[in-house]
Amino acid sequence: MGIFLDSASVSEARRAMALGWVGGITTNPTLMARAEGDPATIIRRLGEVSPGPVFYQVTGSSLAAREDEGRRFHALDPDKVVLKIPASTENMALVVRLSPEVPCALTAVYSGAQAWVGCEAGARYVIPYVSRATRLQGDGLGLVTEIAQVLDACESEAEMLAASIKTPEEAIATLLAGARHLTLPLELILRLADHPLSEAAVAEFNRAGRD
Ligand code: E4P
């Protein structure tokens, strides 16, 4: 499924899943801190709402702590929970230890090299931060294209799930640059299928129908 909700809010998740074309949920520590309840309860409740993957980002202060945390959260809903593991040399060992029985997403990816190592380590998803990359290193869409080429070149099963998307235009440009999935905030998801010219056309048809 190509469109994910980026939120830890169960009420937002319910609204997004009611649309019928949102396939999963990504969270991150900032979103979790804003949500009500403890992280484990939030992930369980999101799993009850989502038809597809629910991504949880590990935050433990050591590799061992992140591995233990990751296994605990995956056990909450083994069919849905995917662990988001921030890209670093140390964390690549965590991806190796957990994969394949615990699906891992390499997140906060800002280079093709990180994506390549993530594939070799067994990551199921690679998550570049597009808008942040444009703001911080100049070309987020170029990063998406580079990662798409890396995933092709290393013949990996890994899929790109692009994050940090701020507008419908940036979403489409990211898709066309090679992302397989995008994770978007609810307010952006709710804007995707509307267009003022479509509304104007409907108003015109309605007027014609009344004349
Ligand atoms: C996805 O879950 C990412 O953590 C999130 O999109 C980070 O990027 P942003 O804070 O710029 O949206």
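Me: Where is Ser164 found?
Reply: Ser164 is found in the loop between strand 7 (159–162) and helix 9 (168–176). Helices (H or I, at least four residues) and strands (E, at least two) are DSSP runs, numbered from the N terminus. This is a predicted model: local features need pLDDT of at least 70, side-chain atom pairs count only at pLDDT 80 or more, and totals for chains, interfaces and linings use all residues. Residues are numbered from 1 along each chain as its sequence is written, and side-chain values use heavy atoms, with hydrogens and water left out.

Me: What makes the phi of Ser164 worth a note?
Reply: Phi of Ser164 is near 60 degrees, a positive value in a residue other than glycine. Most residues other than glycine have a negative phi. Ala108 also has a positive phi, near 55 degrees. Ala108 is in strand 5.

Me: Which residues surround the ligand?
Reply: The ligand is surrounded by Asp6, Thr26, Asn28, Lys84, Tyr129, Arg132, Ala163, Ser164 and Lys166. Each counts as near because one of its heavy atoms lies within 4 Å. The shell divides into two nonpolar, three polar and four charged residues. Among the nonpolar types are Ala and Tyr; Asp, Glu, Lys and Arg count as charged.

Me: Why is the pair of Phe4 and Phe55 called edge-to-face?
Reply: The rings of Phe4 and Phe55 are 5.8 Å centre to centre, with 80 degrees between the planes. Rings pair if their centres lie within 6.5 Å; planes under 30 degrees apart are stacked, over 60 edge-to-face and the rest tilted. Phe4 lies in strand 1 (residues 3–6) and Phe55 in strand 3 (residues 54–57), so the pair ties together parts that are 51 residues apart in sequence. The structure holds four aromatic pairs.

Me: How do you know that the peptide bond from Ser99 to Pro100 is cis?
Reply: The omega of this bond, from Ser99 to Pro100, is near 0 degrees. Most peptide bonds are trans. Pro100 is in the loop between helix 5 (89–98) and strand 5 (104–109).

Conventions: Rings of Phe, Tyr and Trp (its six-membered ring) pair if their centres lie within 6.5 Å; planes under 30 degrees apart count as stacked, over 60 as edge-to-face and the rest as tilted.
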